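Hi,

Here is the structure I said I would pass on.

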Amino acid sequence: MSHIEPVIRAARESDADAIARLHAESWRSSARGLMSDHYLDDEVYDERRSLWRSRLGSGDSPYLTLVAVQRDGLHGFICFKLRADPKWGNLLDNLHVDPELCGRGLGEALMRVGVTQVEQVAPGLPMHLLVFAANRGARRFYRRLGGVESGEVQMPLPEADRNADAVRIAWATPVRLQAE
Ligand SMILES: CC(C)(COP(=O)(O)OP(=O)(O)OC[C@H]1O[C@@H](n2cnc3c(N)ncnc32)[C@H](O)[C@@H]1OP(=O)(O)O)[C@@H](O)C(=O)NCCC(=O)NCCS
């Protein structure tokens, strides 16, 4: 499959709505059955838009967010919460690629640029993330990049009072993504 080569740059406040659109579309295509149909059909975009406007609008944010853009728009994003946990270190909080472009190397490119930038601003820490246990494709993707599955956890969902089975994936310090 051909690779695509978008520009990867820091997210700006003006990217918030496009990120929310892609986040909503990605969850509609990958999290159906884990999140309720009501949330995915009626609420996800508004809820994500308010989250991304708030994250990108705050001058003193613990988040580092990058977007992958081409002339025709935004095709992926990655977001880290820096120094999120005293034991597990920096948190990879979100990674989403346009469902039409999955499997062409964009997710890996976002990971590589993101990890390099995180190391510059919050150096010497391990990294972790939580992924839905049922998301086998993403779990394989992270394992291929050297992440180690390090326990099962309950992940709170954006819908009130709902959790999903999840797996923690960790990289020890110094964080090195597996060679291609
Ligand atoms: C997981 C994700 C970010 C990977 O990005 P990507 O650009 O598709 O990944 P790459 O092309 O760099 O790598 C391809 C690998 O990703 C994995 N993968 C996960 N979901 C995939 C999908 N829908 N299509 C193709 N590959 C997928 C596969 O392991 C694949 O490796 P393989 O070809 O050996 O099977 C992307 O598929 C995605 O956005 N998925 C939906 C949202 C999600 O699950 N995010 C992670 C939440 S923790």
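Below are my notes on the backbone, the salt bridges, the aromatic rings and the cavity.

A word on the ground rules: this is a predicted model, so I kept local features to pLDDT of at least 70 and side-chain atom pairs to pLDDT 80 or more, while totals for chains, interfaces and linings use all residues. Residues are numbered from 1 along each chain as its sequence is written, and side-chain values use heavy atoms, with hydrogens and water left out.

Most residues other than glycine have a negative phi, and most peptide bonds are trans. Arg-83 is not a glycine, yet its phi is positive, about 50 degrees. Arg-83 belongs to strand β3, residues 73–85 (helices, H or I with at least four residues, and strands, E with at least two, are DSSP runs numbered from the N terminus). With 53% relative accessibility, Arg-83 is exposed (buried is under 20% relative accessible area, exposed over 50%, partly exposed in between, using a 1.4 Å probe and protein chains only). The other one is a cis peptide bond between Thr-173 and Pro-174, with omega about -5 degrees. Pro-174 sits in the segment after β7 (163–171).

Next, charges. I get 12 salt bridges in the structure, each being a side-chain nitrogen of Lys or Arg within 4 Å of a carboxyl oxygen of Asp or Glu. One of them joins Arg-48 to Glu-47, with the closest N and O atoms 2.8 Å apart. Arg-48 is buried at 7% relative accessibility, whereas Glu-47 is partly exposed at 24%. Arg-32 and Asp-41 also pair, at 3.0 Å from N to O; Arg-32 is partly exposed at 39%, and Asp-41 is partly exposed at 43%. Salt bridges link Arg-32, Asp-37 and Asp-41 into a network. Glu-149 and Arg-143 make another bridge, 3.1 Å from N to O.

On to the rings. The whole structure has 4 aromatic pairs (Phe, Tyr or Trp rings, the six-membered one for Trp, with centres within 6.5 Å; planes under 30 degrees apart are stacked, over 60 edge-to-face, the rest tilted). Phe-141 and Tyr-142 are edge-to-face, with 5.2 Å between centres and 70 degrees between planes. Tyr-142 also pairs edge-to-face with Trp-171, at 6.3 Å and 85 degrees. Together, Phe-141, Tyr-142 and Trp-171 form a cluster through their ring pairs. Phe-141 and Tyr-142 are both buried, and Trp-171 is buried too.

Arg-55 is worth a click as well: its charged end sits over the ring of Tyr-63, 3.9 Å from the centre, and Arg-55 also lies over the face of Trp-52 at 4.9 Å. The test here is NZ of Lys or CZ of Arg within 6 Å of the ring centre and within 35 degrees of the ring normal.

The largest cavity has a volume of about 60 Å³, taken as the space filled by probe spheres set on the points, which are joined across faces, edges and corners. Its lining residues are Asn-90, Val-115, Val-118, Glu-119, Leu-125, Met-127 and Val-175. Helix α3 (residues 106–121) gives the largest share of that lining, 3 residues.

Cheers

Note on methods
1 Å grid on protein atoms, 1.4 Å probe; cavity = no way out; pocket = protein on both sides within 12 Å on 5 of 7 lines; lining within 4 Å.
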